[in-house]
Amino acid sequence: MDELEFRRRLLADPQDNDPELSAAKLSSPANQKLASELDSLDALIDQALRVDVPDDLVDKVLFKQSSHVIREKRKPKFHLAIAASIAFVFGVMLGQFNWQTIPLSPNQQNLGQIALQHYYAETDFTQNINEGASLYQVNAKLSPIGEAFSGDLPGQVSYLNHCSFDKKHAVHMVLKADNGEAFTVFVVPQNSPAMEKFSDGNMEAISLPANNSSVIVVGKEGSDVLPIAEQLQLHLNQKA
């Protein structure tokens, strides 16, 4: 089973116990990480679906049945609670917890450090893929974050997917520039206050604030990381 088929099957059913899929989960650290993240997301969704029934539900129902006139004048709050619970679960399924903007705490790693860690964990898989994704497909992935690119991207998109970025759901893509250089890009629903830069001597990452999100670009030390990040920042707009 190749990596692409593994990811498609795992995303379709994280609880699939097929022996071939189970073996693929253990074949690499990246596969183990993805399986763990999807298990965690499944657990969160399961928790959201568990709506506790109030202890006094029976008494409330009996009271409302015997108080028809009062019930007509005052709409039951219990129905509103159920509607709110359904809306919450629906939001979990579509918006993945609304992908809210979350500020960095003082002890948290900066976005560039997290991006480099993510890059090294995924590069063996993403560097061998050429999906040729269109701008329309990119914006479809960005839709749950409430963002969209309004202009041409500075390169061809060879890889595109959602990812878990420091426990936040982000969009991860790889851009192949005209000069052949590859840049890993993350759009994260977390606003950075200003430009951040991080380098490990081999790769560097630059984060720029963009609306309620951040654009992070990873490339080789000394490459055109900043110009690529600035172009992406310029064309990233909030959806109306």
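## Basis of the model

In this predicted model, local features need pLDDT of at least 70 and side-chain atom pairs count only at pLDDT 80 or more, while totals for chains, interfaces and linings use all residues. Residues are numbered from 1 along each chain as its sequence is written, and side-chain values use heavy atoms, with hydrogens and water left out.

## The sheet

Six strands form an open sheet in the order β2-β3-β4-β7-β6-β5, with antiparallel pairing. Strands are DSSP runs of E of at least two residues, helices are runs of H or I of at least four, and both are numbered from the N terminus. Two strands pair if DSSP finds at least two bridges between them. At the edges are β2 (156–165) and β5 (196–199), each pairing on one side only. From one strand to the next, the twist averages 20°.

Helix α9 (residues 225–235) packs on this sheet and touches β3, β4, β6 (203–210) and β7. Contact means heavy atoms within 4.5 Å. The direction of α9 makes about 25° with that of β6; axes are lines fitted to C-alpha atoms, for helices over the stretch in contact, and angles run from 0 to 180 degrees between N-to-C directions. Strands β3 (residues 168–176) and β4 (residues 182–188) are joined in the antiparallel sense over 6 bridges. H172 has F186 in β4 as its bridge partner.

S213 is in strand β7 (residues 213–220). With a relative accessible area of 1%, S213 is buried (buried is under 20%, exposed over 50%, partly exposed in between, with a 1.4 Å probe and protein chains only). Leaving aside residues up to four places away in sequence, S213 touches I145, E147, V187, V188, P189, Q190, N191 and L208.

N211 lies in the loop between β6 and β7. N211 is partly exposed, at 34% relative accessibility. Its phi is positive, about 60°, although N211 is not a glycine.

## The salt bridge

How many salt bridges does a search of the whole structure find? The search finds 1. A salt bridge is a side-chain nitrogen of Lys or Arg within 4 Å of a carboxyl oxygen of Asp or Glu. The side chains of E204 and K197 meet in a salt bridge at 3.5 Å, N to O. E204 is buried, with a relative accessible area of 5%.

## The kinked helix

Helix α7 (residues 111–126) has a kink of about 40° centred on Y120. The bend at a residue is the angle between axes fitted to the seven residues ending there and the seven starting there. Buried residues of α7 include L111, I114, L116 and F125.
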